[in-house]
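Open the model in your viewer and keep the sequence panel beside it.

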Amino acid sequence: MGRATSKDAQALIHSLRSAYAATPSSLKIIDLYVGFAVFSAIIQVVYMAIVGSFPFNSFLSGVLSCIGTAVLAVCLRIQVNKENKEFKDLPSEHAFADFVLCNLVLHLVIMNFLG
Amino acid sequence: MGRNYFTILKVLSVTLLPILSLSFSTDSPTDRRLLVLLDDLSLKSSHSIFFNSLKSRGFDLDFKLADDPKLALQRYGQYLYDGLILFSPSIERFGGALDLADVLDFVDSGHDLIIATDSSSSDLIKSVATECGVDFDEDPSALVIDHKSYAVAETEGDHTLIAADDFIESDVLLGKKKIEAPVLFKGIAHSLNAANTLVLKVLSASPLAYSANPNSKLSSPPSLTGSSISLVSVVQARNNARIMITGSLDMFSNRFLRSSVQKAGSSRKYDKSGNEQFVTELSKWVFHVRGHLKAVNLRHNKAGETDEPAMYRIKDDLVFSVEIYEWSGKSWEPYVANDVQVQLYMMSPYVLKTLSNDKKGLYHTSFKVPDVYGVFQFKVEYHRLGYTSLSLSKQIPVRPFRHNEYERFITAAFPYYGASFTMMAGFFLFSFVYLYHK
């Protein structure tokens, strides 16, 4: 392979962007949601690094809610994506109902552990 | 009330317990009976000033010869006397039912003892003293000799009559008034057992004293020399029995009590030796007129409440109080000191506070229970020279927070609360958007 040039990097980004533009909008909404959850988790970790971990259970509860939300959204995205051969026969409503139930359990746990 | 208690106790002790001592009973501390054992009854008159001072303080003295065949300290398991004075240096064997073990049991049960011996001391008296923590010189002909601190007499003596003024510094033992004149001493030396922590030197010999036979030339350096020679020692046992031991029976005699004294090398002549003040004050201490403390009413409660809880919670505020009194010979007076401390103890003290007193005997303080849970003890340990030791403890458990006693809505955790709630809101909004977008 030849030297990697900035032109190759630009070509790479360009192709990624155009491929991503082709994804269905429902998946893009899920991606946005995951990004929001991870961003919130990062903010909390930075805050704990500054202030210290005094109510450690509250910190864990907050971070867990963000990460758990992100994980459940990713699972929804996998199950709903039409290009996934594994979940071809799973109706997307089924996937969404699972998503809602798991989130309810997650938030119940969070509220208890928040202290 | 005191007499009633006495008779009930007598009946109980005969029927129930083998030896119930009435040593220094806090309910009937006056009218105490002393057994005085003498070598010969002329001591009654030659030491009459000392004995009369004891009688005037309310003691009943029972004079007996040390080899009296009817001698007994206890009958039917109950002690007949509250204190023992051994003024019988040359007795080889006690008469009657008394022996060394009996005397030691007497002291072990909390009774007081005064031992005075002199150059005719027998091995029996020396072994009583050894058991109490004091070792007399083994040489039977040795006396304390001091060529610098002897008492000046008309005839040129052999410097065995000592004028001693090296007293221990203690108001409790020797009284508030300083003893100005030196104390006349003529007798044998003893030293303290170095391993014993309960024995104190009240009057020590000067650094130039030594213990040897005055009539013969010294063949080798004497074994007891200098300030390690104690002339008068006291022992305060852990059960608060008090023992006074001295090697000079003449120190108590009328002759020494009334005599004038002039220490060699000093021009000051005292009309009266310090003996009377010394033996009177020290015998007051031995028989518990000074320095006998009692602590009652150890109480603790939560700040703001009055009853004692069975358990505390961590980080509670509590108030602790105890009352300490000192026996003054006639009544219990409030004890005033500023160094009594209380500990909250579980394997090691978590809290150590000095109690403040209100000058009427009540000591109190307040502090916060530490952040550790477990079974603690309130401990008051008070050991001071010349005073009875106080060792009080009261057990108290401390529990952690109940699940509804923790802090809620901690300010530092608001970002985490915020994050959790925004996640919930976000989930709600997302599900709407996901389901109804075009």
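Helices here are DSSP runs of H or I with at least four residues, and strands are DSSP runs of E with at least two. This is a predicted model.

**Stop 1: chain A**

Select chain A and colour by secondary structure. Chain A has four helices and zero strands, so from the N terminus on the order of elements, in terms of DSSP runs, is α-α-α-α. Its C-alpha atoms fill a box of roughly 55 × 40 × 20 Å along the principal axes. The radius of gyration of chain A is 19 Å, while a compact globule of 115 residues would have one near 13 Å. Buried residues make up 30% of the 115 residues. The accessible surface of chain A is about 7600 Å², and 70% of that belongs to carbon and sulfur atoms.

Now select the charged side chains of chain A. There are 8 positive and 7 negative ones, and the centres of the two sets lie 13 Å apart.

**Stop 2: the annotated spans of chain A**

Select residues 32-50, 56-76 and 96-114 of chain A; an unreviewed UniProt entry annotates them as "transmembrane region". How far apart are the end C-alpha atoms of residues 56-76 of chain A? They lie 30 Å apart, and the span is 100% helix and 0% strand. For residues 32-50 of chain A the end C-alpha atoms are 27 Å apart, again with 100% helix and 0% strand.

**Stop 3: chain B as a whole**

Switch to chain B. Chain B has nine helices and 28 strands. Its C-alpha atoms fill a box of roughly 135 × 55 × 40 Å along the principal axes. Buried residues make up 50% of the 438. Of the contacts in chain B between residues at least 6 apart in sequence, 70% join residues at least 24 apart. Chain B carries 46 positive and 49 negative charges, whose mean positions are 7 Å apart.

**Stop 4: helix α3 of chain B**

Select residues 48-56 of chain B, which form helix α3. Which residues of this helix are buried? They are Ile49(B), Phe50(B), Phe51(B), Ser53(B) and Leu54(B). After α3(B) comes Gly58(B), with a positive phi near 100 degrees.

**Stop 5**

Select residues 123-131 of chain B for helix α5, where Leu124(B), Ile125(B), Lys126(B), Val128(B) and Ala129(B) are buried. The buried residues of α5(B) pack against β5 (83-87), α4 (100-108), β6 (112-116), β7 (134-136) and β16 (242-246) of chain B. Just after α5(B), Gly133(B) has a positive phi of about 110 degrees.

Step back to Thr117(B), in the loop between β6 and α5 of chain B. Is Thr117(B) buried or exposed? Thr117(B) counts as buried because its relative accessible area is 0%. Beyond its neighbours within four places in sequence, Thr117(B) is in contact with residues including Pro89(B), Ile125(B), Phe136(B), Ile188(B) and Thr246(B).

**Stop 6: residues 300-438 of chain B**

Select residues 300-438 of chain B, which UniProt lists in an unreviewed entry as "domain: OST48 middle". The end C-alpha atoms of this span lie 73 Å apart, and the span is 17% helix and 43% strand.

Most residues other than glycine have a negative phi. Met347(B), not a glycine, has a positive phi of about 70 degrees. Met347(B) sits in the loop between β23 (341-346) and β24 (348-354) of chain B, and it is exposed, with a relative accessible area of 75%. Phe409(B) also has a positive phi, near 50 degrees. Phe409(B) lies in the loop between β28 (390-399) and α9 of chain B and counts as exposed at 63% relative accessibility.

**Stop 7: Ser420(B) and chain A**

Finish on Ser420(B), in helix α9 (residues 414-436) of chain B. Ser420(B) counts as buried, since its relative accessibility is 0%. Show both chains: leaving aside neighbours within four places in sequence, Ser420(B) is in contact with Gly62(A), Ser65(A), Ile110(A), Met111(A) and Leu114(A).

Notes
Residues numbered from 1 in each chain as written. Chains lettered and ligands numbered in written order. Predicted model: local features only at pLDDT ≥ 70, side-chain atom pairs only at ≥ 80, totals over all residues. Heavy atoms only, no water. Buried < 20%, exposed > 50% of the residue type's maximum accessible area, 1.4 Å probe, protein only. Contact = heavy atoms within 4.5 Å. Lys, Arg positive; Asp, Glu negative; His and termini not counted. Charge placed at Lys NZ, Arg CZ, Asp CG, Glu CD. UniProt positions renumbered as here; feature names shortened; annotations may be inferred. Rg over C-alpha atoms; globule rule 2.2 N^0.38 Å. Areas by Shrake-Rupley, 256 points an atom, 1.4 Å probe, with all protein chains shown as cover.
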